[in-house]
Amino acid sequence: MKILFINHSSSRTGAPLILLYFMEWLKKNHPEVNFDVLSMGGGQLSSEIDSLCTNHFKIYKKKKLLSRIGRFILRKLKLIRLFNSVIYDYEIKNVAKEDYDIIYNNTVVFIEIATLIKKFSQNSKLILHVHELRETIQSYVPQISNLKQKVDLTIAASETVKKDLIDYYQFDLDKTITIHEFSKFHTNIDTRLKLDLRKITIGGIGLVQKRKGVDLFIKACSAIKEINPSIHFSFQWLGSISEENKKRYNKLIEELGIAKEFEFLGQLNNPNEFLKNLDVFWMTSREDPFPLVCIEAANNGVPILMFNKTTGTQEIINDLDYLIASDLNPKDLAHKTNELINNQELYLKTVKILKERFSMFTVDNQSKKIWSAIKEVSEDL
């Protein structure tokens with residue numbers, strides 16, 4: 001079998017990490033499978049991808065000046081066409097010549113590119129792995145309803161994603177399955193018999209941007225400090241941040257009077273060291289399909305609290321309503337957190353419950369499901 005994986009970037013973020021983990025599993029468990037990767041953007045994972053695949057097509061790499069001038073002229077003459085501002089039609093045809101059995105598009109963003117490769121490689125089957133929810137899909141691929149018929153199987157990253165695809169974009173229920181996201185993690189054997197209320201560390205993770213709800217996180221920090229001023233709180237956010245966003249959010253932090261307690265830590269390759277030192281993890285995203293950090297936090301023995309109807313992670317904890325704050329309400333998130341940390345028995349019980357529930361989302365467990373889906377599609381070849 002020969003597979004082409006299409007990667008929207010090589011950044012150390014959710015969807016590219018999922019693909020990297022699966023390719024590592026595939027190479028170890030099915031070395032007979034040949035696979036290439038078409039990366040539309042660069043990032044920290046690029047060298048790791050190089051070591052796994054036969055060919056890594058790095059479309060994003062800047063061409064030599066003479067080549068760029070030549071392509072500019074050909075575009076003006078309408079002899080070549082640029083798609084999604086990253087890849088030319090002749091590059092698509094060159095990739096399609098490899099005659100792949102499976103085209104595995106690891107993002108909804110480049111579904112048009114994937115369908116074009118399939119068009120020029122008519123024996124290929126197309127699998128679409130959707131790691132995005134409705135707002136992101138609508139922003140990047142408003143025409144998705146016109147392209148879905150060309151997809152042979154869609155994998156949704158959570159039931160929440162699947163519901164969006166079926167309800168809003170009329171994806172075929174019989175050709176859409178859910179395989180929850182997964183991560184590499186080391187289960188933290190927590191020997192604490194109780195929570196030390198003298199100091200509580202609350203954390204968040206992700207690229208510092210509006211979608212991740214960093215503003216909501218900051219407001220919840222202020223609210224919980226006001227609710228319980230006797231506790232020394234430490235608020236930490238792990239993730240890449242631009243200078244512009246640092247200025248914007250630091251201004252809000254100063255206005256709310258929590259500058260001494262708050263810290264942006266920047267990016268780390270491995271969040272486990274950060275997570276195991278937290279007492280509480282806040283998932284404040286406005287929209288997140290099934291964030292890997294929640295899997296990692298739970299397996300590190302850290303209770304997760306989130307807003308209602310914002311993330312697929314809620315599917316796993318929906319019966320634990322004390323962990324789910326009302327819609328994008330920072331004050332309610334602070335109140336629910338305060339109630340949890342002041343109930344030692346419930347806190348320790350929650351740690352145990354979350355570890356049990358999220359321990360299933362391993363690379364091995366979920367990769368086997370993806371491989372089964374690929375085999376089922378390939379049997380129709």
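Is the crossing of H9 and H14 left-handed or right-handed?

## Basis of the model

This is a predicted model, in which local features need pLDDT of at least 70 and side-chain atom pairs count only at pLDDT 80 or more, while totals for chains, interfaces and linings use all residues. Residues are numbered from 1 along each chain as its sequence is written, and side-chain values use heavy atoms, with hydrogens and water left out.

## Helices H9 and H14

The crossing of H9 and H14 is right-handed, a term for a near helix turned clockwise from the far one by less than a right angle, anticlockwise being left-handed. The axes of helix H9 (residues 214–227) and helix H14 (residues 330–341) come within 8 Å and cross at roughly 50 degrees, which makes H9 oblique to H14. Angles under 35 degrees count as roughly parallel, over 145 as roughly antiparallel, 65 to 115 as roughly perpendicular and the rest as oblique.

In this contact (heavy atoms within 4.5 Å), H9 contributes Leu-216, Lys-219, Ala-220, Ala-223, Ile-224 and Ile-227, which meet Pro-330, Lys-331, Leu-333, Ala-334, His-335, Thr-337 and Asn-338 of H14. By class, the contact of H9 with H14 has eight nonpolar, three polar and two charged residues.

## Helices H4 and H5

Helix H4 (residues 89–96) packs against helix H5 (residues 111–120) at an angle of about 55 degrees, with the axes 8 Å apart, and H4 and H5 are therefore oblique to each other. Their crossing is right-handed. From H4 the contact takes Ile-92, Lys-93, Val-95 and Ala-96, and from H5 it takes Ile-113, Leu-116, Ile-117 and Phe-120; by class, these are seven nonpolar, no polar and one charged residues.

## Helices H12 and H15

Helix H12 (residues 292–299) and helix H15 (residues 344–358) also have axes 8 Å apart, and they pack at an angle of about 125 degrees, so H12 and H15 are oblique to each other. The crossing of H12 and H15 is left-handed. Cys-294, Ile-295, Ala-298 and Asn-299 in H12 meet Leu-354, Lys-355 and Phe-358 in H15, and this contact has five nonpolar, one polar and one charged residues.

## The second largest pocket

The second largest pocket has a volume of about 270 Å³. Of the 13 residues that line this pocket, Leu-133, Arg-134, Thr-160, Lys-309 and Thr-310 are the closest to its centre. Helix H6 (134–140), helix H8 (159–169) and helix H13 (314–317) each supply at least two residues of the lining, and the lining divides into one nonpolar, five polar and seven charged residues.

Note on methods:
Axes fitted to C-alpha atoms, helices over the stretch in contact; angles between N-to-C directions. Helix = DSSP H or I, 4+ residues; strand = E, 2+ residues; numbered from the N terminus. Nonpolar A, V, L, I, M, F, W, Y, C, P; charged D, E, K, R; others polar. 1 Å grid on protein atoms, 1.4 Å probe; cavity = no way out; pocket = protein on both sides within 12 Å on 5 of 7 lines; lining within 4 Å. Points joined across faces, edges and corners; volume = space filled by probe spheres on them.
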